[in-house]
Amino acid sequence: MLSAGILLFRRREGVLEVFLVHPGGPFWVRKDLGAWSLPKGLVEAGEDLLVAARREVKEETGLDVAGRFHDLGEFRLPGGKRLHVWTIEKDYDPANLKSNLFEMVWPPKSGQARRFPEVDRGAWFDRAEALKKVHKGQRTILESFFAGFAVQEKA
């Protein structure tokens, strides 16, 4: 299974920050640490990976991200999933977040289908906070990203 996503980043007062999203729906409502993710989703058969990543960002945040992307590479997630990630320096106001909806039966076994946002909020985090907030399976992605910046700043 292959997914694609984009890690937005910005510099605020000399601090490097990344934009993460929090999953919507009743399962995630009270979860915070280890629950956040970069905007991402499944790649459709034959779809260009960057096109898929841009589509997923738009579906999950409402942002039509364009510009110069950096290919961070492909990462293996727990359970065998693969996630291809690009980065781009782009500011975004989380107050503008508008996510698509998904449908599920809730409460369980009630037979009642309800709609929930795929993403219920987004926020900017510095390195230390991002590593606490992000899902453990995506920590290596953030570590790789931040390590790359450390190398660039030393050069």
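Modeller: Read along the sequence, the pattern is β-β-β-α-β-β-β-β-β-α-α, from three helices and eight strands. This is a predicted model, in which local features need pLDDT of at least 70 and side-chain atom pairs count only at pLDDT 80 or more, while totals for chains, interfaces and linings use all residues. Residues are numbered from 1 along each chain as its sequence is written, and side-chain values use heavy atoms, with hydrogens and water left out.

Colleague: Why does the radius of gyration of the chain agree with that of a compact globule?

Modeller: The rule is 2.2 Å times the number of residues to the power 0.38, taken over C-alpha atoms. For 155 residues a compact globule would come near 15 Å, and the chain has 16 Å, so the two agree. Along its principal axes the C-alpha trace spans about 60 × 35 × 30 Å.

Colleague: Why is L63 called buried?

Modeller: Buried means under 20% relative accessible area, exposed over 50%, and partly exposed in between, with a 1.4 Å probe and protein chains only. L63 has 15% relative accessibility, so it counts as buried. L63 sits in the loop between helix 1 (49-61) and strand 4. Of the 155 residues of the chain, 44% count as buried.

Colleague: Which residues does L63 touch, leaving out those up to four places away in sequence?

Modeller: With contact meaning heavy atoms within 4.5 Å, L63 touches L8, V57, K58 and Y92. Its C-alpha atom is 8.4 Å from that of N96, 33 residues apart along the chain.

Colleague: What makes a set of residues a nonpolar core?

Modeller: The members are buried Ala, Val, Leu, Ile, Met, Phe, Trp, Tyr and Cys residues, joined through side-chain atoms within 4.5 Å. The largest such core has 23 residues, of which L7, V18, L20, V85, I141, L142 and F145 touch the most other members. Helix 3 (139-154) is one of the elements that give it two or more residues, and helix 3 supplies the largest share, five residues. Another core, of 19 residues, lies apart from it and includes A52, V65, I88 and W124.

Colleague: What does I141 touch, again leaving out residues up to four places away in sequence?

Modeller: I141 touches L38, L72, F75, L77, L83 and V85. In soluble globular proteins, nonpolar side chains tend to be buried together.

How values were computed. Helices (H or I, at least four residues) and strands (E, at least two) are DSSP runs, numbered from the N terminus.
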